[in-house]
Amino acid sequence: MADDLVSDLACRVAVLVVAAPQRRFVQLGSVGPRTRRREYEMNEGIEVELRRIAWYNISQPGGDGSNRQPECLDESLRAWVPAGPAGAGRTRDAFRDVQEGREAIRSSIKSALRSSIQRWRPLFSVYDKTFSHEDSACRRAIMVKLEAFAVEQWMDKYETTAKYNIAETCSASISVDDLREISEDKSTNPLALSTKKLTYGPIRGSDKLRQNLANLYSVKTPSPLPRDNILITAGAIQANFLVLYTLVGPGDHVICHYPTYQQLYSVPQSLGAEVSLWKSKETDGWRLDLKELESLIKPNTKLIILNNPQNPTGAIIPRSTLEEIVEIAREKSITIFSDEVYRPLFHSISPADKEFPPSILSLGYEHTVATGSLSKAYALAGIRVGWIASRSKAIIEACASTRDYTTISVSQIDDAVASFALAPDCVSNLLQRNIGLAKKNLALLESFIESHRWACNWIRPVAGTTAFVRFNKMGKPVDDVAFCEMLLDRTGIMFVPGSACFGQGEDFKGYVRIGFVSETEVLEKGLEALEAFLEDGYDDVPVIKVLEQTRQRLVQLTHSLGSLVGSLNQSDPLPSWASLQSQASIISNNLVSVSEQLSEHNDLLSSLVAYPAPNYPGRTQSGTLEQLLRTKLDPRVEDWVSRGRSAGASALQDKDGLSEEELAELWEWAPIEANQEARRREWGGNYTLEEKEMGIQNVVTGLRRRLEEEEESEEEGEEEVDGDEMEIVGVHKRPGGAGVEFDVAAERNHVPSQAEPNTLAIDEVLRYIMTGAMPKSRQT
């Protein structure tokens, strides 16, 4: 069924682009069995109408096996196209090649569509989503797959059961009675709806609510914002979704302020857009780099998304930066979308400050859109009212069209409460209450962090209701997810883990988001419980993966060494050269991995102290315990470490290896030195001198058995034979030249009872040891 639908969408195409001197129409063929008609009136006086036109199946085979072609097409076009050479010419061009087959028609329609509606693309984004950027004239339906919304899932899982919810991002909520107390208008009851019929109410929001919002956006601006440029939604989360769904589609590129609310980058990605994250700099107070913004812009950049004030950091984008962003966007004709849901809760910057951030709508650029709600700054999350505001009426109209598929209207009760809260008699007092609460609670949180700098630090927030706090041990971030879960389990404190909910599992490890504009009593008790946990339970919080990663690398190294030992013990004769070289390479890589891990986390690991838990098996594992509790390295280990460091330092000084001359000199020296070492250690027999002295038969396994008398074993296992043999009695340099020569002496003849294995020249052995090159005699 899906294939039939896609095929039908791809084949049933009818696009008419009509232009007249005084009037322009853009007519799009329906993409379903019914045609939806909607009329848009734009403030420029341009009307855009979607009309029903006939379907023409240009691909369905006729009874004779050929493609069926509608004979009435040209006549229908002549009847439809009014005067106006530009639109008519494009239309005739689009369908001129209809007799040549559907592929030619698709190509022509695509060209006509792109050239005709590009100018009004924001207005037609909803319909544009049905057309493809590919070679098909009809944009196929997009299968939306959204990533899990981490922060909302975390809140849903824990916020109703937490004892101290200081993860909440709304200002401490108030009741309708509280709202009436705050308002100077004591005579009005926002819930006085007992005699009013509960219809849907105004679809775009009541005139009163939209006018109150328009008044707020019109303060200190060159021109007031009309109320018709505001669209009421069910919260800011719906407002954000509608803006993104309306303005973004496949093939677009979006730049998104980061870190931020996940919706702002996950929704564009799900719609097929490419998203570049414009990362604010923690080391610079979460500021943004404008040069980086310019480098991120591409020819298909459609949208710059801002979050001001920023969730979760509480940072702001100052006025000067906003002005430069607007100029960059204006030059490239890019729309700016600003999520301003935490505006205007500015607790740590005064409106008199020259860098006080205005709304994006106040900077004189038409292609801007902002969203907001009554949840965060206005303490009314329960009424679910948000909005979209824009200087572009075209954007509002397009968002309204998209909204038809999600919500008819907000509740009349919600609209009435919101209108009351934003009225001049109430809004100033309400904001004063919430900003005062934010200042008071922020002072408590700041005092706590300053007195616990050994465990946490932050960049102090400037606005909004959230702070982004980093918890660490000895400078290394804790596992923030485990930390938050442990806090909930042991104390009932609820934080939001930064890496999981704002860092896509990779960034902001050790960070937690704290919502500090809750009731002051809740914050105070939560911080008291947190202080007790830091004193008694913080040691149980794992450091982010460092110890586990180190353990895993050591396990890999141990396994590799064990594998080599096992292969040496079990193989007779020894394993092949290739096998030994492969195992040596694996061990070398494991050693490098362990070394890098230890070096990277040297400060942390050198400061850790191991101690046994009460249930440690001390009797059976006393040796391990003694090693763990040693204050100094074992002398042998210390010697190995010293020699390893010296060898490593020497190797680093000469990264390119030995020159050809040095290698030649090495080859001249090595055989002689090896022979002399063999004499010193009496390597002529089956055992070294050291082995004989220690009585160790196998230095690999460490078996301590007395060596059997070689003479007895030889007498039992072999028969004496007569004959002569050559004995090497010395190796020395050739006089006056390179190379070596051997002194030999004639002895008894020796006739082997069986064929002896091929022997290896000493230089081949040494070459293998140094370079891993397999001896030539072993390559067959």
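Predicted model: local features only at pLDDT ≥ 70, side-chain atom pairs only at ≥ 80, totals over all residues.
In which helix does Gln238 lie? Gln238 lies in helix α9.

The side chain of Gln238 is joined to that of Thr407 by a polar contact of 2.5 Å. If we set aside the neighbours within four places in sequence, Gln238 is in contact with Thr233, Thr406 and Thr407.

Let us now consider the helix around this residue. Helix α9 spans residues 236-247, and it packs against helix α10, residues 263-270, at an angle of about 35 degrees. The axes of these two helices are 10 Å apart, and their crossing is right-handed. Which residues meet there? From α9 come Ile237, Asn240, Phe241 and Leu244, and from α10 come Gln263, Leu264, Val267 and Pro268. The residues of this contact divide into 6 nonpolar, 2 polar and no charged.

I turn next to helix α16. This helix covers residues 480-491, which is 12 residues. From its first C-alpha to its last, α16 reaches 16 Å, close to the 16 Å expected at 1.5 Å a residue. What caps the N-terminal end of α16? The cap is Asp479, which has a side-chain oxygen 3.3 Å from the backbone nitrogen of Val481. Just after the helix comes Gly492, with a positive phi of about 85 degrees. Within α16, the buried residues are Asp480, Ala482, Phe483, Cys484, Met486, Leu487, Leu488 and Thr491.

Helix α18 itself runs over residues 520-536 and has 17 residues. Its reach, from first C-alpha to last, is 25 Å, close to the 24 Å expected at 1.5 Å a residue. The buried residues in α18 are Thr520, Leu523, Gly526, Leu527, Ala529, Leu530, Phe533 and Leu534.

Is Gln432 buried or exposed? Gln432 counts as exposed because its relative accessibility is 59%, and the cut-off for exposed is over 50%. Gln432 and His347 are 85 residues apart in sequence, and their C-alpha atoms are 9.9 Å apart in space.

The bond from Asn308 to Pro309 is cis, with omega near -5 degrees, and Pro309 is found in the loop between β9 (301-307) and α12 (319-332). The bond from Arg343 to Pro344 is also cis, with omega near 5 degrees. Pro344 is found in the loop between β10 (335-339) and β11 (368-373).

That loop between β10 and β11 also holds Ser359. With a relative accessible area of 3%, Ser359 is buried. Not counting residues up to four places away in sequence, Ser359 touches Tyr217, Glu340 and Arg343.

Trp286, in the loop between β8 (274-279) and α11 (290-296), has a phi near 60 degrees, a positive value in a residue other than glycine. Arg384, in the loop between β11 and β12 (386-390), has a positive phi of about 50 degrees, although it is not a glycine. How exposed are they? Trp286 is buried, with a relative accessible area of 4%, whereas Arg384 is partly exposed, at 35%.

The protein has 27 helices and 20 strands. Of its 780 residues, 44% count as buried. Among contacts with a separation of 6 or more, residues 24 or more positions apart account for 67%. Thank you for your attention.

Methods: Residues numbered from 1 in each chain as written. Heavy atoms only, no water. Helix = DSSP H or I, 4+ residues; strand = E, 2+ residues; numbered from the N terminus. Expected span 1.5 Å × (residues − 1). Buried < 20%, exposed > 50% of the residue type's maximum accessible area, 1.4 Å probe, protein only. Polar contact = N/O pair within 3.5 Å; in protein donor to acceptor, adjacent residues only side chain to side chain. Axes fitted to C-alpha atoms, helices over the stretch in contact; angles between N-to-C directions. Left-handed = near helix turned anticlockwise from the far one by under 90°. Contact = heavy atoms within 4.5 Å. Nonpolar A, V, L, I, M, F, W, Y, C, P; charged D, E, K, R; others polar.
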